[in-house]
Amino acid sequence: MSPAPATIEATELHISRGHTKILRGLDFTVDSGRITGLLGPSGSGKTTLMRAIVGVQRITRGAVTVMGSPAGSASLRHDVGYVTQGASVYGDLSVEANVRYFGAMHGATAADVTEAIDAVGLAPLARQKAADLSGGQFSRVSLACALVAHPKLLILDEPTVGLDPVLRAELWERFAAMAASGTTLLVSSHVMEEASHCSSLLLLREGLLLAQLTPAELAARGGSDDLERAFLTIIKAADRGEAESEVAS
Ligand SMILES: Nc1ncnc2c1ncn2[C@@H]1O[C@H](COP(=O)(O)OP(=O)(O)OP(=O)(O)O)[C@@H](O)[C@H]1O
């Protein structure tokens, strides 16, 4: 079987905001039906890259295509789901009403709504007002609102922040099941241990792509099965490389 075409393709992607260069020439592809992790220190450009893929971030130079169309194309509206860090949920509506509302924009059925709420573990709270939920529960409403549309590409900005370990593990199982049924997921995280759930990793640092590799390759290249330590080793090596090239120039 020939491999499925890439869902996302970035070519020489540059993004500046004001005078600041935030993304500095990224080239990568994200494969279909896989979980790709977007990892990097705070401020490295993860959210900016996700925004570019969704089509809400102006691109300075280069290109991003999603399923063969320029990022943000109207034809992609029903195919791309994006869950931001700031949950876009109506506090005065119940969990169910929120998910139904988002679902209605994508032709979702009542069964889709129930399934999405179940998937994030909020069935017992379906009738509760979103404003009365805990922080972790509230952010899961936002995730349910994205799941209800059954997007082909789901982009999740730090979806496990504020969740306890049990829920985090359940969500990763859910993501794996979605990928197995053909959904492409791009998931950002600070938590390196979560990298092990991904089949491919994009390592960002200061707007540059340090590497695109599998978790096993990260462990091998960073010389540790502790992925956090492996990543730090790679970052330090990149820092040394930059310092050396500055001395040489
Ligand atoms: N509107 C803006 N104008 C200028 N600079 C910005 C703007 N938004 C973000 N930045 C800068 O762009 C850089 C990348 O930010 P971005 O939010 O993409 O990083 P991130 O990797 O997602 O960080 P975090 O993990 O903390 O969310 C940061 O240095 C940030 O200060």
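pLDDT is the predictor's confidence in each residue, on a scale from 0 to 100. For the protein chain here, the mean pLDDT is 89, and 94% of the residues reach 70 or more. So much for the chain; the complex gets an ipTM of 0.95 and a pTM of 0.90 from the predictor.

Two remarks on conventions. This is a predicted model, in which local features need pLDDT of at least 70 and side-chain atom pairs count only at pLDDT 80 or more, while totals for chains, interfaces and linings use all residues. Residues are numbered from 1 along each chain as its sequence is written.

Now the overall fold. The protein chain has 7 helices and 10 strands; these are DSSP runs, H or I over at least four residues for helices and E over at least two for strands, numbered from the N terminus. Its C-alpha trace spans about 65 × 45 × 40 Å along the principal axes. Of the 249 residues, 38% are buried, meaning that 20 or more other C-beta atoms, placed from the backbone, lie within 10 Å of the residue's own. Among contacts with a separation of 6 or more, 64% join residues 24 or more positions apart; a contact is a pair of C-beta atoms, placed from the backbone, within 7 Å.

Next, helix 4. Its 13 residues, 135–147, should span 18 Å at 1.5 Å a residue, and the end C-alpha atoms are 19 Å apart, which agrees. The expected figure is 1.5 Å times one less than the number of residues. Buried residues in helix 4 include S139, R140 and the run up to L147. They pack against strand 6 (80–83), helix 2 (95–104), helix 3 (110–119) and strand 7 (153–157).

Note on methods
A residue is buried if 20 or more other C-beta atoms lie within 10 Å of its own, exposed if 12 or fewer, and partly exposed in between; C-beta atoms are placed from the backbone. Two residues are in contact if their C-beta atoms, placed from the backbone, lie within 7 Å.
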